[in-house]
Amino acid sequence: MSEVPVRGSDVDLARRGDHEAFTRLVEPLKREVHAHCYRMLGSAHDADDAVQEALLRAWRGFGRFEGRSSVRSWLYAISTNACLDAVERRGRRALPVDLGPASTVVEDRAPRTDVAWLGPYPDARYEQREAVELAFVAALQHLPGNQRAALLLFEVLGFSVAEIADVMKTSTTSVNSALARARRVLAAKACTPAGQPALSKLEDARVREIATDYAAALERGDADALVALLTEDVTWSMPPLPDWYRGRAPVMAFARATPLRCGAWRHVVTSANTHPAVACYLRRDGEEVHTAWSITVLALRGDKIAELTSFIGPEHFELFNLPPTLPALP
């Protein structure tokens with residue numbers, strides 16, 4: 001990762017213990033470092049913790065920063081090691097498709113609380129935004145921490161093998177081995193660091209229209225309108241519920257049994273993991289407001305929905321700066 005070493009008054013001030021100077025140096029980097037930590041950990045909440053830990057380590061160690069690399073490279077190195085520590089403590093995150101085959105019948109099953117679930121991520125607005133694509137982040141979770149880190153540092157962030165070896169306190173031979181193994185796993189899952197399956201090439205207006213049509217079909221309870229939006233091999237998963245469905249008929253059997261009949265919906269169209277997404281608010285009989293229920297991420301193939309991933313839980317809404325409730329419509 002070739003960058004001009006940083007020189008300047010803020011670096012000198014921060015080395016002498018000026019926290020305001022340190023903040024000026026790291027604040028512009030926090031968003032992209034947070035996205036890196038999300039890719040490593042599969043959770044925006046875990047990424048929050050990792051960034052805070054990395055900033056604390058960086059502040060405590062800034063007196064030893066020699067300026068041979070940029071502050072950006074140095075902070076990425078520290079945050080990567082903070083993530084590796086977190087991976088060692090917690091392990092990997094999963095989606096329902098990782099736990100077993102698709103369900104063939106619709107059952108009312110309890111959420112799995114013994115699984116660390118993958119979470120959604122508000123779209124990043126910088127040059128590596130494609131690398132938070134949901135399929136890519138999910139595939140990364142199948143890699144050991146060292147392979148995950150090596151792949152992201154090399155393929156996404158442009159670190160050299162020698163720089164990665166220095167970050168991970170290992171040899172260049174070990175880094176090359178980790179990269180080769182990581183690439184084989186991702187190739188088997190038809191995934192690349194640019195995000196696979198390929199992101200939709202539709203115009204933004206058409207993408208938003210599809211998301212709006214999906215939301216409107218649920219709000220009206222219109223099964224025919226919903227089925228018209230789906231590919232033949234569509235999948236629908238709902239972490240933390242363990243069941244998931246593959247194929248238009250099983251997906252619609254689930255839709256008719258649950259979301260189309262469980263209450264009144266309101267929706268806010270948003271985006272997550274580079275996909276269109278819909279924030280779903282549910283109002284059951286007797287309730288006065290619609291309550292935050294799920295963030296549903298829509299992966300498109302052409303102008304049809306090929307994958308729906310509904311991340312259930314109000315805790316996801318704060319990430320998207322969305323309110324916990326919406327008023328009922330008159």
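**Starting with one residue**

Tutor: A21 is buried, as its relative accessible area is 0%. Buried means under 20% relative accessible area, exposed means over 50%, and partly exposed lies in between (1.4 Å probe, protein chains only). This is a predicted model: local features need pLDDT of at least 70, side-chain atom pairs count only at pLDDT 80 or more, and totals for chains, interfaces and linings use all residues. Residues are numbered from 1 along each chain as its sequence is written, and side-chain values use heavy atoms, with hydrogens and water left out.

Student: Where is A21 found, and which residues does A21 touch, not counting residues up to four places away in sequence?

Tutor: A21 sits in helix 2 (residues 19-26). Helices (H or I, at least four residues) and strands (E, at least two) are DSSP runs, numbered from the N terminus. Contact means heavy atoms within 4.5 Å. Leaving out residues up to four places away in sequence, A21 touches D10, L13 and A14. A21 and D10 are 11 residues apart in sequence, yet their C-alpha atoms are 5.0 Å apart in space.

Student: Now nonpolar cores. How many residues has the largest one?

Tutor: General idea: in soluble globular proteins, nonpolar side chains tend to be buried together. A nonpolar core is a set of buried Ala, Val, Leu, Ile, Met, Phe, Trp, Tyr and Cys residues joined through side-chain atoms within 4.5 Å. Here the largest core has 75 residues, and F62 and F136 have the most contacts inside it. Helix 5 gives the largest share of this core, 11 residues. A second, separate core has 30 residues, including I210, A211, W265 and I305.

Student: What does F62 touch?

Tutor: Not counting residues up to four places away in sequence, F62 touches V11, A14, R15, F22, L25 and W74.

Student: How do I read a helix pair, say helix 4 and helix 5?

Tutor: Under 35 degrees counts as roughly parallel, over 145 as roughly antiparallel, 65 to 115 as roughly perpendicular, and the rest as oblique. Helix 4 (residues 44-61) and helix 5 (residues 71-90) pack at about 130 degrees, with axes 8 Å apart. The pair is therefore oblique.

Student: At what angle do helix 5 and helix 7 pack?

Tutor: Helix 5 and helix 7 (residues 145-156) pack at about 155 degrees, with axes 10 Å apart. They are therefore roughly antiparallel. T80, L84 and V87 of helix 5 meet G145, N146, R148, A149 and L153 of helix 7.

Student: What about the backbone? Which peptide bond is cis?

Tutor: A cis peptide bond joins P239 and P240, with omega about 20 degrees. P240 lies in the loop between strand 1 (230-237) and strand 2 (244-246).

Student: Where is T274, and is T274 buried or exposed?

Tutor: T274 lies in the loop between strand 3 (264-272) and strand 4 (275-283). T274 is not a glycine, but has a positive phi of about 70 degrees. At 14% relative accessibility, T274 counts as buried.

Student: And N321, buried or exposed?

Tutor: N321 counts as exposed, at 73% relative accessibility. N321 has a positive phi of about 55 degrees, although it is not a glycine. N321 lies in the loop between strand 6 (304-312) and strand 7 (325-327).

Terms used:
Axes are lines fitted to C-alpha atoms, for helices over the stretch in contact, and angles run from 0 to 180 degrees between N-to-C directions.
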